[in-house]
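My entries follow the display.

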Amino acid sequence: MYHYEQKGPKRGIALYSYSAEFGFEKTLEDCFEELKDMGAHGIEILANTHIENYPYPTDAWVDKWFALCEKYEVEPVEYGHWIDCRVLQDRDLTTEEAAERLEQDMRLAHRLGFHIMRTKMSVITDDLAPVENWREIITAVLPLAERLDLKLCPEIHIPTSLTSQMIKDYVDFIKETGTKNFGLNIDFSVFRTRFGEGEFVSPGFVPSKPEDIIPLLPYIYCCHAKFFEVNDDFEETMVPYKEVLTILKEHEWDGYLLSEYEGNDKYDYGYEVGQVLRRHHIMMKNILGY
Amino acid sequence: MEKQVIQSTGFRNIVENGEVTGFQVKIRLPYYRGVYLSQIKAGHLIVDGETFGENEIMWRVNGEDYTYADMKKDCHTHWHPMEPATLIVRKPGGLAQGYHDLSYGFYCTHSYMPPAMEALEDPDKPSVVYFVEFGQNVNSRRLLIV
């Protein structure tokens with residue numbers, strides 16, 4: 001299987017960015033070819049979007065998946081999935097039921113060559129607190145995660161702060177269990193310092209400082225390189241990219257920066273998210289030097 | 001597949017043993033990821049002012065037919081955003097040749113939205129909290145049947 005030898009922060013793409021075009025203007029192979037165009041070597045997929053016949057893809061589809069990775073020199077980086085604890089409308093799943101469904105995704109992630117999972121736990125409040133039994137669910141699957149060499153990573157996203165209690169709870173869990181199979185995916189929206197006029201900002205949101213990421217680096221296995229606006233000089237105007245990427249480089253953090261474009265304008269008629277991703281990759285390439 | 005939720009392809013009367021027993025119309029999931037059937041709150045189909053509900057409608061997903069009651073319990077059958085579902089609607093005699101105004105409502109739970117927010121959504125009413133990537137609860141289209 002293809003492996004990119006570069007050490008340090010590496011450029012990749014979260015296929016979520018293509019949400020408005022996937023299945024219409026863009027096929028899965030088109031997306032892979034775009035990665036190749038940009039010199040991006042890592043990919044994140046969303047399990048129940050990009051896998052045909054999810055959760056039971058055919059062997060032929062899995063063969064095609066590996067052939068695409070090989071052809072376009074892309075490595076499977078992150079398997080995006082959800083633990084939908086409220087999949088039933090009249091009650092929450094029990095810990096055992098949630099763990100069983102999670103294990104199904106873990107086996108599929110492993111079958112497709114992934115080592116990192118963006119594990120989205122169901123939230124219960126406006127400030128994105130996960131379900132109360134998240135520790136029990138994760139603990140139940142850690143033995144399988146270890147066996148399959150998988151790291152389960154909740155995504156830390158605006159309005160959560162890197163110095164919040166939620167992060168402390170995750171880090172305490174990692175320390176208490178000593179696990180190497182649970183960590184974090186930091187979404188760069190947490191560093192966002194500027195907002196468009198009239199844009200919604202969660203009440204109480206305080207942007208994290210770039211250096212807040214330093215104590216968390218041992219637990220971060222990949223990042224969502226969230227971006228909002230890259231100007232004609234190829235600079236992101238709302239997130240301090242230069243500072244964040246410089247910290248990652250200087251601390252020899254090794255992992256993928258997965259470009260994720262979340263702007264709703266990607267659904268506008270004629271919008272070309274591929275061109276926006278290219279701007280973002282020129283920006284990251286200018287900072288990283290590769 | 002078309003970007004509209006209600007698809008023009010697949011809209012036709014259903015003939016069984018030489019008799020027209022109803023009609024079918026395909027809908028796609030206007031959400032960027034798939035859902036399990038139990039996540040769907042299915043509403044009513046209105047055709048030229050006539051309302052069809054759970055007694056008349058079956059959903060066909062991956063080639064299998066499900067009643068609304070089946071769907072509520074089924075947290076294993078996955079509806080993929082690239083695979084439109086077919087609404088099989090019972091109506092002896094079917095729809096007359098010509099144009100029809102169709103409107104259908106359904107809502108999917110998302111798990112990362114706070115439950116209090118999701119409880120506000122009625123599949124037959126416009127979305128209370130609208131996100132372009134979750135789609136609108138109610139979708140309409142005027143289509144021809146032959």
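How many bridges join strand β2 of chain B to β9(B), and do they run parallel or antiparallel? I found six bridges between β2 (residues 19–27) and β9(B), and the two run antiparallel.

**Conventions.** The model is predicted: local features need pLDDT of at least 70 and side-chain atom pairs count only at pLDDT 80 or more, whereas totals for chains, interfaces and linings use all residues. Residues are numbered from 1 along each chain as its sequence is written, chains are lettered from A and ligands numbered from 1 in the order in which they are written, and side-chain values use heavy atoms, with hydrogens and water left out.

**Strand β9 of chain B.** Helices (H or I, at least four residues) and strands (E, at least two) are DSSP runs, numbered from the N terminus; two strands pair if DSSP finds at least two bridges between them. I noted B:Gly22 opposite B:Arg90 in β9(B). Strand β6 (residues 57–61) of chain B is joined to β9(B) by four bridges, also antiparallel, and B:Trp59 has B:Leu87 as its bridge partner there. Of the six residues in β9 (residues 85–90), five are buried (under 20% relative accessible area; exposed is over 50%, partly exposed in between; 1.4 Å probe, protein chains only).

**Contact of chains B and A.** I counted 30 residues from chain B and 32 residues from chain A in the contact (heavy atoms within 4.5 Å). The buried area is about 2,700 Å², with 53% from carbon and sulfur atoms; this is the accessible area (1.4 Å probe) that two parts lose on being put together, summed over both. B:Tyr32, B:Arg33 and B:Ser111 supply 22% of what chain B buries against chain A, more than any other three residues. There are three salt bridges between the chains (a side-chain nitrogen of Lys or Arg within 4 Å of a carboxyl oxygen of Asp or Glu). One salt bridge links B:Lys3 and A:Glu25, whose closest N and O atoms are 3.1 Å apart.

Most residues other than glycine have a negative phi, and most peptide bonds are trans. I found a cis bond from A:Tyr54 to A:Pro55, with omega near 0°; A:Pro55 is in the loop between α2 (47–50) and α3 (59–71) of chain A. Another cis bond joins A:Ile158 and A:Pro159, with omega about 10°. Phi of B:Asn62 is positive, near 50°. B:Asn62 lies in the loop between β6 and β7 (64–66) of chain B and is exposed, at 55% relative accessible area.
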